[in-house]
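Hello,

Here is the structure I promised to pass on to you. Please open it alongside this email, and I will walk you through what turned up.

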Amino acid sequence: MIKSSEFHLRGNRCGVLLIHGLTGTPTEMRFVGNGLNRAGFTVLGMQLAGHCGDERDLLATGWRDWYASVSAAADRLREQVDHLFVAGLSMGSLLALKLAIDRPDDVDGLGLYGTTFFHDGWATPAIGRFAFLLPTLTALGIGRTRVSAEVEPYGIKDERIRRRIVGAMLGGDSQAAGLAGFPWPSLAEFQRLSRHVRHRIGRVRTPCFIAHSSHDDVASLRNVRLVQHGVRAPVETLLLDDSYHMITVDQERSKVIAHTAAFFERIAEQRAAELPTAASLVGAID
């Protein structure tokens with residue numbers, strides 16, 4: 001039975017929904033969550049359906065289940081706040097974009113960390129570069145029991161943090177560190193999600209903050225350019241030089257937190273300024 005690993009940190013009336021990546025866990029968003037909460041935000045680090053259990057739990061779900069859990073978490077947080085922001089890591093960024101596409105009136109701003117449409121980084125295994133074939137292969141029954149193992153440097157440049165997280169992951173503590181590999185059927189589901197969001201990215205009207213490592217071992221800067229050129233909204237980009245893919249836990253996470261907080265605070269202030277005052281409403285009625 002999957003145990004809940006989500007975290008909920010009470011703050012002000014500006015809320016941030018944090019979405020982890022494929023085979024990951026809310027723990028990979030905890031540093032960012034704590035930092036945003038210290039800045040005043042109410043934070044919900046949600047748990048994707050099928051995650052934080054074993055491989056069978058993950059394989060029992062697909063991308064629509066993952067997205068449904070994001071939408072449900074957004075509903076819960078939206079009831080507590082006046083402004084809703086959504087930030088995701090890796091595949092979590094795609095789910096955040098999907099939510100902004102479907103619910104533009106609910107999402108005030110996006111934080112996109114290590115956005116991954118394509119597994120094309122410098123340390124990506126060969127299967128990552130041919131992953132677009134997986135939906136067809138798995139539909140034909142090919143590779144349904146195959147798993148693509150995680151490889152060095154596991155998305156983390158900081159050796160101390162890498163040892164700790166990889167030790168938990170390889171030790172089977174999926175609740176704390178996620179699974180040690182990507183089942184091919186789950187990668188096929190990721191490909192379906194990636195294609196779905198890519199084909200609709202022009203519908204994004206929500207301001208975006210992108211944070212991405214220039215040395216990302218999993219997802220190249222091609223993924224950043226896709227967002228920059230595809231969305232129909234203001235985009236602010238932070239490129240990091242001393243991190244790998246997992247920028248929410250790596251050496252420059254403090255920069256990610258500070259820039260995210262400032263970006264979301266500016267949007268909240270703009271939204272508040274756009275609201276009619278009580279005096280103007282009375283004047284309109286008179």
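**What the pocket is made of**

The residues lining the largest pocket divide into 25 nonpolar, 12 polar and five charged. Before going further, please keep in mind that this is a predicted model.

The largest pocket holds about 710 Å³ of space. Its lining counts 42 residues, and those closest to the centre are Glu 28, Glu 150, Tyr 154, Phe 182 and Met 246. Several elements each supply at least two residues of this lining: the helices α1 (30-38), α5 (126-129), α7 (159-170), α8 (174-177) and α9 (184-198), together with the strand β6 (147-149). Which of them gives the most? That is α7, with five residues.

While you have β6 and α7 on screen, have a look at the loop between them, where Pro 153 has its place. Glu 152 and Pro 153 are joined by a cis peptide bond, with omega at about 5 degrees.

**A cavity, too**

How many cavities of 30 Å³ or more does the structure hold? There is one. The volume of the largest cavity is about 40 Å³. Around it you will find Thr 23, Gly 24, Gly 50, His 51, Cys 52, Leu 58, Ser 174, Gly 178 and Leu 179. By type, this lining divides into three nonpolar residues, six polar and no charged.

Besides lining the largest cavity, Thr 23 has a positive phi of about 65 degrees, although it is not a glycine. You can find Thr 23 in the loop between β2 and α1.

**The sheet**

Next, the strands. In general, strands of a sheet pair through backbone hydrogen bonds, either parallel or antiparallel. Here, seven strands form an open sheet with mixed pairing, and their order is β1-β3-β2-β4-β5-β8-β9. At the edges are β1 (7-9) and β9 (235-240), each of which pairs on one side only. From one strand to the next, the twist averages 15 degrees.

One place to begin is Gly 15, whose bridge partner in β3 is Thr 42.

**Helices across the sheet**

α3 lies across β2, β3 and β4 (83-89), running at about 160 degrees to β2.

α3 has a helix partner as well. Helix α3 (residues 63-78) packs with helix α4 (residues 91-102) at an angle of about 65 degrees, and their axes are 10 Å apart. The crossing of α3 past α4 is right-handed. On the α3 side, the contact is made by Trp 63, Trp 66, Tyr 67, Val 70, Ser 71 and Ala 74, while α4 brings Met 91, Leu 95, Lys 98, Leu 99 and Asp 102. The residues of this contact divide into eight nonpolar, one polar and two charged.

I hope this helps you find your way around.

Best wishes

Conventions: Residues numbered from 1 in each chain as written. Predicted model: local features only at pLDDT ≥ 70, side-chain atom pairs only at ≥ 80, totals over all residues. Heavy atoms only, no water. 1 Å grid on protein atoms, 1.4 Å probe; cavity = no way out; pocket = protein on both sides within 12 Å on 5 of 7 lines; lining within 4 Å. Points joined across faces, edges and corners; volume = space filled by probe spheres on them. Helix = DSSP H or I, 4+ residues; strand = E, 2+ residues; numbered from the N terminus. Nonpolar A, V, L, I, M, F, W, Y, C, P; charged D, E, K, R; others polar. Axes fitted to C-alpha atoms, helices over the stretch in contact; angles between N-to-C directions. Left-handed = near helix turned anticlockwise from the far one by under 90°. Contact = heavy atoms within 4.5 Å. Pairing = 2+ DSSP bridges.
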